[in-house]
Structure formats: C-alpha cells, structure tokens
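This report is for a reader who is meeting this structure for the first time. Please look over the sequence and the model before reading on.

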Amino acid sequence: MTVGGRGVGPCALGMSIFSYDLAVLERFPSIVGGAIHARALTNPPSSAALSGAYRDEQAGVLARLGATPLSEVPSIAAWRRAFRGFGVDPTGYRSAAEALLRRLTKQGSIPSINTLVDLGNLVSIRYALPV
C-alpha cells in the first residue's frame, strides 16, 4: 500500500494482520480467507431496496435448492468436511451459512436485522458460504 508516495505496511496504518495457524494451513493448503476492517460506519435499518433484494434472494435460493439436501450443496459439504477434519461434528455445530440456509428452508424466510447483517446474510445465502 502507498501513502504519500511511500510504501507503508498494514501495521503502520493501524491495521491488524490476519493469518491462519500453521496447523490449519498444513491440513487445508488451499484455504482462502479474508477479513474486512471498517471504521466509522452507521448501521441503520435496511432500506426498502435492500429489504426487497434480500427477500428476492431468499426466494431465489429456495427455488434453486428445491428439495436438495443442504449436505449435498458443494460449499456446505466442503465446510462439513473441514469441521470433521478438526474433530467437530458438523451436524451439531453448523457453519454460519448452513445455519442460515437451514433456517430459510425450514421457516421460509430469514428476518431483517439491519443493513450490515442483512448484507452479510444475503451474500452468505447466495453463495452458501459463511460471511
């Protein structure tokens, strides 16, 4: 990153560095992750446009899933394998994405919370990945 024409590392900008433990990297060498650090945000109730997009996404996800068991969704299956790899029962401790999709398929909808939560949930159910 450059600030004022000079290369500056994340620590100089007051940013934290995200990294995986070596044991995780050894067991899952192709793992990819990321983090978002945001400051000075407001988090109002979702706008009408976001609420509509969120409802539409939920309906689209339900239509795409149909009767497919969540355990057969490729990204959910991958998270279940990862949980098992760490000695965790994936049916007792579900990934955030699986928990959201499970709620959606059982209850028919996921309630709106606020802008940031709704955005994260929308992305999570769209791609079946924890956000």
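The model is a predicted one.

## Helix packing

Helix H2 covers residues 48-65 and helix H5 covers residues 115-127. The axes of H2 and H5 lie 10 Å apart, and the two helices pack at an angle of about 20 degrees. Angles under 35 degrees count as roughly parallel, so H2 is roughly parallel to H5. The crossing of these two helices, H2 and H5, is left-handed.

On the H2 side, this contact is made by Leu 50, Ala 53, Tyr 54, Glu 57, Gln 58, Val 61 and Arg 64. Their partners in H5 are Thr 115, Asp 118, Leu 119, Asn 121, Leu 122, Ile 125 and Arg 126. By class, the contact of H2 with H5 consists of seven nonpolar, three polar and four charged residues.

Helix H4 spans residues 96-107 and also packs against H5, with the axes 9 Å apart and an angle of about 85 degrees. Angles of 65 to 115 degrees count as roughly perpendicular, and H4 and H5 are therefore roughly perpendicular to each other. H4 contributes Ala 97, Leu 100, Leu 101 and Leu 104 to the contact, while H5 contributes Asn 121, Ser 124 and Ile 125. The contact of H4 with H5 has five nonpolar and two polar residues, with no charged ones.

How do H2 and H4 cross, and within what distance do their axes come? The axes of H2 and H4 come within 11 Å, and the crossing is at roughly 85 degrees. H2 is therefore roughly perpendicular to H4. Gln 58, Val 61, Leu 62 and Leu 65 in H2 touch Leu 101, Leu 104 and Thr 105 in H4. The residues of this contact of H2 with H4 are five nonpolar and two polar, and none is charged.

## Pockets and cavity

Rolling a probe the size of a water molecule over the atoms shows where empty space is left.

| Space | Volume | Lining by class |
|---|---|---|
| Largest pocket | About 620 Å³ | 14 nonpolar, four polar, one charged |
| Second largest pocket | About 160 Å³ | five nonpolar, two polar, no charged |
| Largest cavity | About 30 Å³ | five nonpolar, one polar, three charged |

The largest pocket has 19 lining residues, and those nearest its centre are Tyr 20, Ile 31, Val 32, Trp 79 and Leu 129. H3 and H5 each give at least two residues to the lining of the largest pocket. The largest share of that lining comes from H3, with four residues.

Which residues line the second largest pocket? They are Gly 34, Ala 35, Ile 36, Leu 119, Gly 120, Val 123 and Val 131. Leu 119 also belongs to the H5 side of the contact with H2.

The count of cavities of 30 Å³ or more comes to one. The lining of the largest cavity is formed by Ile 76, Trp 79, Arg 80, Phe 83, Pro 90, Tyr 93, Arg 94, Ser 95 and Glu 98. Helix H3, which covers residues 74-85, provides the largest share of this cavity lining, four residues. Trp 79 lines the largest cavity, and Trp 79 is also among the residues nearest the centre of the largest pocket.

How values were computed. Residues numbered from 1 in each chain as written. Predicted model: local features only at pLDDT ≥ 70, side-chain atom pairs only at ≥ 80, totals over all residues. Heavy atoms only, no water. 1 Å grid on protein atoms, 1.4 Å probe; cavity = no way out; pocket = protein on both sides within 12 Å on 5 of 7 lines; lining within 4 Å. Points joined across faces, edges and corners; volume = space filled by probe spheres on them. Nonpolar A, V, L, I, M, F, W, Y, C, P; charged D, E, K, R; others polar. Axes fitted to C-alpha atoms, helices over the stretch in contact; angles between N-to-C directions. Parallel < 35°, antiparallel > 145°, perpendicular 65-115°, else oblique. Left-handed = near helix turned anticlockwise from the far one by under 90°. Contact = heavy atoms within 4.5 Å.
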